[in-house]
Amino acid sequence: MGFLSKLFGDSSDKENDTMTNVKLAVIYYSMGGTNYQLSKWAEEGAKEAGAEVRVLKVPELAPQSVIEGNPAWKAHVEATKDVQEVKLDDLEWADAIIFSVPTRFGNMPAQMKQFLDTTGGLWFNGKLVNKVVSAMTSAQNPHGGQEATILSLYTTMYHWGAIVAAPGYTDPVTFGAGGNPYGTSVTVGQDGKMIEDVEAAVKHQAKRTVTVAEWVKKANQ
């Protein structure tokens with residue numbers, strides 16, 4: 001068995017496994033549509049694995065006047081007006097959660113932080129313990145805070161008592177997507193288009209997340 005086989009195992013067999021009874025919430029914030037697209041790919045990957053999925057956005061905090069002044073932002077808000085906003089009930093419902101956000105100076109956007117700051121009641125009552133979580137991000141250059149942004153999300157998850165299911169190097173697709181072991185990250189050019197091809201990496205991360213969630217769920221039955 002070669003080094004890559006030892007490292008990754010037979011990824012084709014793993015991806016053909018079908019998960020059952022796992023509920024996944026994909027929670028995102030997006031201005032131009034990148035993290036919405038990552039979330040939709042995560043939804044596709046998780047559904048291929050048999051999970052029940054909700055794609056949810058966090059509430060917008062920016063003034064409408066600011067949004068109106070940015071054509072791309074305005075267009076994305078209009079295009080996703082029917083996407084449901086996340087509620088605390090969605091966190092209770094979910095066995096697993098994938099977060100997707102752009103980076104803001106190496107940290108998560110205020111919109112996501114504001115939502116996470118409302119979870120204190122659930123945390124206090126132990127409702128978030130053993131949730132399986134993972135995260136994705138985007139930035140305008142490869143070293144624009146992508147890893148730090150994902151780690152900033154995971155810091156909150158450690159306080160929850162959640163179980164972080166990072167992709168690591170569990171599949172070769174991670175290298176093709178830039179090699180971020182903490183979570184899929186993508187560089188977005190000035191034209192708003194993704195530079196790396198990360199679709200396969202996102203789907204693998206989603207499948208890995210629901211796989212770990214199924215292990216945890218079965219262990220607690």
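The model is predicted, so I read local features only at pLDDT of at least 70 and side-chain atom pairs at pLDDT 80 or more, while totals for chains, interfaces and linings use all residues. Numbering runs from 1 along each chain as its sequence is written, and side-chain values use heavy atoms, without hydrogens and water.

**Entry: H3 and H11**

I looked up helix H3 (residues 34–48) and helix H11 (residues 199–219); their axes come within 7 Å and cross at roughly 50°. Axes are lines fitted to C-alpha atoms, for helices over the stretch in contact, with angles from 0 to 180 degrees between N-to-C directions. H3 and H11 are therefore oblique to each other. The residues in contact (heavy atoms within 4.5 Å) include Leu38 and Trp41 of H3, and Val202 and Ala206 of H11. By class I noted seven nonpolar, one polar and five charged residues in the contact of H3 with H11.

**Entry: threonine 187**

I found threonine 187 in strand S6 (residues 185–187). Threonine 187 is buried (under 20% relative accessible area), at 4%. Leaving aside neighbours within four places in sequence, its contacts include Gln146, Pro142 and Ile195. I also noted 28 Å between the C-alpha atoms of threonine 187 and lysine 131, 56 residues apart along the chain.

Note on methods
Helices (H or I, at least four residues) and strands (E, at least two) are DSSP runs, numbered from the N terminus. Angles under 35 degrees count as roughly parallel, over 145 as roughly antiparallel, 65 to 115 as roughly perpendicular and the rest as oblique. Ala, Val, Leu, Ile, Met, Phe, Trp, Tyr, Cys and Pro count as nonpolar, Asp, Glu, Lys and Arg as charged, and the others, Gly among them, as polar. Buried means under 20% relative accessible area, exposed over 50%, partly exposed in between (1.4 Å probe, protein chains only).
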